[in-house]
Amino acid sequence: MTTIPAVLPAVDEVVQPNAPRPSARRGRSRRARVTYALTVLAFILPSAIPLAMFTLGPMVAAAWVSLHEWNLLAPMTWVGLDNYRSLLADPRTGDVFLHTIYYIAGYLPLVYIGGLTLALALNTALKGRSLLRGVYFLPVITSWIVVALVWRWLLNPSNGIVNTVLEAFGIAGPGWWSDPAWAMPSIILASAWKDIGFVMVILLAGLQAINQDLYDAAKVDGAGWWRRLVSVTLPLLSPSTFFVVVISLINGFQVFDQVYAMTGGGPGGASQVVVQQIYDLTFRYGKAGEASALSWLLFAVVLFVTVIQIRGQKRWVNYG
Amino acid sequence: MADATMADATTTDATTADATPVRSVGRPSLKRDTRSGTRRTVGFVLLHVVMIIGALLMFFPFLWTIITSISPGAGLTLAPALFPDNPSLAAYLQLFTERPFGQVMVNSLLLAVITTVVQLFTSATAGYAFSRLPFRGQGVVFAIYLATMMIPLQVLIVPLFSELKAFGLLNTYLGALLPTFATAFGIFLLRQAINQVPRELDEAATIDGAGHFRIFWTIILPNIRPALATLVVFAFMGSWNSFLWPLVVLRSPELQTLPVALAGLVGQYTTQWDVVMAGSVVSVLPMLALYIFAQKYIIQGVASSGIK
Amino acid sequence: MNRKLVATAGLAACAALVMSGCAATPSAAPAGPVTITYSNFISNDGNEDNLSKIVDAFEKENKNITVDVKTLPYGDYGTALQTDLAAGTAADVFDIEYSNYASYQANGVLAEIPVDNADAYRGTLLDAYATDGKQYALPSSFSDVVLYYNADLFDAAGVDYPTNDWTWEDEKAAALKLTDKAKGVWGDHQPVSFYEYYKALAQNGGDFLAKDGKSVAFNSPEGIEAAKWLVEKSGTVMPTIEQGQGTADFDTNLFKDGKLAMLHTGIWVFGAVADVPFTWDIAVEPGNTDKASAVFSNAVGVSATSKHTEAAAKWAEFLTSSDTMVQTRLDAGWELPPISDEDALATYLDKGAPANRKAVFDSLDGIALPPVVAKGQTEMQDITGEELVEAQAGRKTVEEALKSAEKRINAVIGG
């Protein structure tokens, strides 16, 4: 899944596009207008057709399926809003959202602070920083399945390297992914490790756009390193921070691969997240209708959270 | 929008290393502030040490993967030694002889290459349309495009599954490919890049009698190479590493892709970690090669998208 | 690149053609050589070679049929089969479990299988896979769960070996004596799962389902006692979930390492523990008020969408009743063949370790069959397991867990 959709800075531009308005084209000949329309279509259809057929269409279809009982084998039967009712009555629905939020709450601060630290350090005249950047970026390009496998292996409760090392220091390591209380922290740890390089790249790009004169001015005013970080760097980095937060939230609500490969949602459902639940409902329990209802619930939550953030961004995001 | 200095700073690390970026964490250039030079140098060395230790920690899981993959019988009882007694490539051999990993890699490569090429095409054309071809309702259409970013494929799994079943495309490469052909991310990235190509270039070409297709091909595309390279990396990566959709849609073992085959290895070889880790190493290599090739463009590409 | 794209599109078109082509001429007699696919979990983890033997014998006998075997781990199998059935990509022949038979049959995914040699099968097993007088699957094996024990550990602790007359009390007393946490030796292991729970319930004189099959009956004094029997082993005589208990193969590996004195598991593990460097044997599982052993039966069905139903049925029959299968299974101790021939089965007793193979048959004197519901079988099983693990991990009391399980399962299977 592509992980850096850059929705939000663009939202403002949708409202105030910088391109000339279509009215500017009035007065052309009819033939020229037809040619122009055909040109627009030629450029827009290659993307519009797949998006309509494989994203928007299925989205609408999911709403339709969510009103039916369907095990994917027999024909569907209309049940109205029953799927939504049973979802709301099922304690697991609340659990999977809670687990997902737990994941985000653990993952986001970790990956942001880690990524920021790396970006600040690698934005200096460090020797060999291309290589360092490469190493920190390596987990980003690695498949989640591989990362999950390796981390399961590192965090193996009985003979994994992490617990072996802890034992050498006289610490009894936890059961990690085999323990209901530690399953989600294990997933968070692996996720932060994987994504830290990505956050680093976004923040590096942001850091390099900051005008150096501001630092010089701050220094003339006698501001120390910390002061400059807090009053110059962080405010000017806020658009990048905003982007990281929004994308992490959108992706966080969709967390699946690592859960599937590390714990399968276990033990005893302790790390079951929303998307895994959608998958299980569909292909394990044969409840495609209920799965579609949950899909819509998830979509509504993501939309809500994203809109709240766009609204709230004015308070702290500085587009300079 | 991204300014040129930012892009320059990334692409020409060596030459600008002690110029602009240095001061952003507060290390003053030595010329101006010699008093604290010694303290700064100590701090600077310390920074190197910390970053290198961090990088080693970061890299450790990969190192461990490689070591495990060449330790025969790894995981049967205890974790393998840091320096295996009798390193062997048997696990790799097993992957390609006993398991269809050759076929699996070809499958993944085929899907990733097609996805990347098609995404470059759909993203560049759409990016051009949104940047250079104003039309009525453009803002609304663009907003709808962007909104699709919030709809993850996972959420659409049921309807997509039945849609492709209706087309008879389940268990085919085409079925695995179609939903990946256009992504809002790619379109957005290239639109932002095209926005930064000076319009004077188009106008000059128009005067020379060039139409939109020629401008697109001869002016725009050559001028957005960093963004194209970034898209290549992310599109290829997205396909190469994607799991859920290939898992669901490609049912026959001979059509399987790498992540799905790897996940399958775990269930079947619960104790043969050397084989599992060999598969992991093999799956990372092509991505690594691509990254090294496109590395210098990535930060620049991200920067030019206006995410800053 | 475009050429590849075209090739892919062509491939897809071919696939579509083949699909529609097959719909037009279902189950045409196999004139030329045919290849059928067989998807299974029964051979995973140790019996792959044994299955190959049966396949080879079949292909030798039927020169024009090739069997293409796909093996999946048990944990992934159910979801994969459900997905394949939904996608229309199910194998010609596939494994099913007794507990899922009813729902697959009702959804029409199983083809009727004509049976020529019904007498070869155990009548009760064959009947379990018939609906309205028609056979929709063939039993491929049956097996039960017994108590494995490490005789060396018993000797060292001076504890008498388990007998067929043991009760929960005896097991608990022995387990406590055998547990030596300092040495990492544990007295007992029994998974905290649906499969153990419905059986423990039967051993305690309780019922899992109410008479109508649309609600559960386990939230009872017997049910609570049975759940406590399982849950309270954790941390006293059995490793805790934090220590890795409950993960795949944890228990058999612990037993093989000589760190586990007693193990509740199925006879399908015989092969996996055959080469351990200590003496081991088995006994009938202890009961509380009743004796009840879990009996499982696997079966194979022929896909209703198969293009080669005739060849598929032939393979299904060979896999479940041929002499090669009987001999292979008996020699390897790979569960028990579903046959009626008692004399052949009797040879099972003399095939080596464990010595007390008679316990496998003695267990059949009192059996517990899995509770089966018309709708929501897998979900019922998952919920039971989940709630018991909650209690095991100490996040709920046993009473709370059962109450919650009752409420959730009733919502799934009722109506």
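1. Two strands pair if DSSP finds at least two bridges between them. Helices (H or I, at least four residues) and strands (E, at least two) are DSSP runs, numbered from the N terminus.

2. A note on what is being read. This is a predicted model, in which local features need pLDDT of at least 70, side-chain atom pairs count only at pLDDT 80 or more, and totals for chains, interfaces and linings use all residues. Residues are numbered from 1 along each chain as its sequence is written, while chains are lettered from A and ligands numbered from 1 in the order in which they are written.

3. Confidence next. pLDDT is the predictor's confidence in each residue, from 0 to 100. Chain A has a mean pLDDT of 85, with 91% of its residues at 70 or more. Residues 1-24 of chain A fall below 50, and this stretch has 48 contacts in the model beyond near neighbours in sequence. Here two residues are in contact if their C-beta atoms, placed from the backbone, lie within 7 Å. Chain B averages 80, and 80% of the residues score at least 70. Its residues 1-35 are below 50, with 58 contacts beyond near neighbours in sequence. Where pLDDT is low, the predicted coordinates should not be read in detail.

4. Chain B is built from 15 helices and zero strands. Of its 308 residues, 51% are buried. Buried means that 20 or more other C-beta atoms lie within 10 Å of a residue's own; exposed means 12 or fewer, and partly exposed is in between, with C-beta atoms placed from the backbone. Take the contacts in chain B between residues at least 6 apart in sequence: 76% join residues at least 24 apart.

5. Where does chain B meet chain A? The contact involves 99 residues of chain B and 94 residues of chain A. Helix α15 (residues 273-304) of chain B gives the most to its side, with 13 residues. That side of chain B has 69 nonpolar, 22 polar and eight charged residues. Ala, Val, Leu, Ile, Met, Phe, Trp, Tyr, Cys and Pro count as nonpolar, Asp, Glu, Lys and Arg as charged, and the others, Gly among them, as polar.

6. The largest nonpolar core has 295 residues. Such a core is a set of buried Ala, Val, Leu, Ile, Met, Phe, Trp, Tyr and Cys residues joined through C-beta atoms within 7 Å. Residues with the most contacts inside it include Leu149(A), Met200(A), Val146(C) and Ala316(C). Helix α8 (residues 180-207) of chain A supplies the largest share of this core, 18 residues. Leaving aside residues up to four places away in sequence, Ala316(C) touches Val93(C), Ile113(C), Leu138(C), Val300(C) and Val302(C).

7. β6(C) is largely enclosed by the rest of the structure, because 13 of its 13 residues are buried.

8. Strand β9 (residues 293-302) of chain C is mostly covered, with nine of its 10 residues buried. Strand β3 (residues 93-97) of chain C pairs with β9(C) in the antiparallel sense over five bridges. Phe94(C) is partnered there by Gly301(C). Strand β10 (residues 367-368) of chain C runs parallel to β9(C), joined by two bridges. Ser293(C) stands opposite Ile367(C) in β10(C).

9. Helix α13 (residues 323-332) of chain C has buried residues including Met325(C), Val326(C) and Leu330(C). Their cover includes α2 (48-61), β6 (138-150), α12 (309-321) and α14 (342-346) of chain C. Just after α13(C), Gly333(C) takes a positive phi of about 65 degrees.

10. Chain C is assigned domain 1 (21-143 + 296-350) and domain 2 (144-294 + 363-413). These bounds come from an automatic or database domain assignment. The C-alpha centres of the two domains of chain C lie 29 Å apart. Domain 1 of chain C puts 14 residues into the contact and domain 2 puts in 13. Helix α4 (residues 98-106) of chain C gives the most to the domain 1 side, with five residues. By class, that side has five nonpolar, eight polar and one charged residues.
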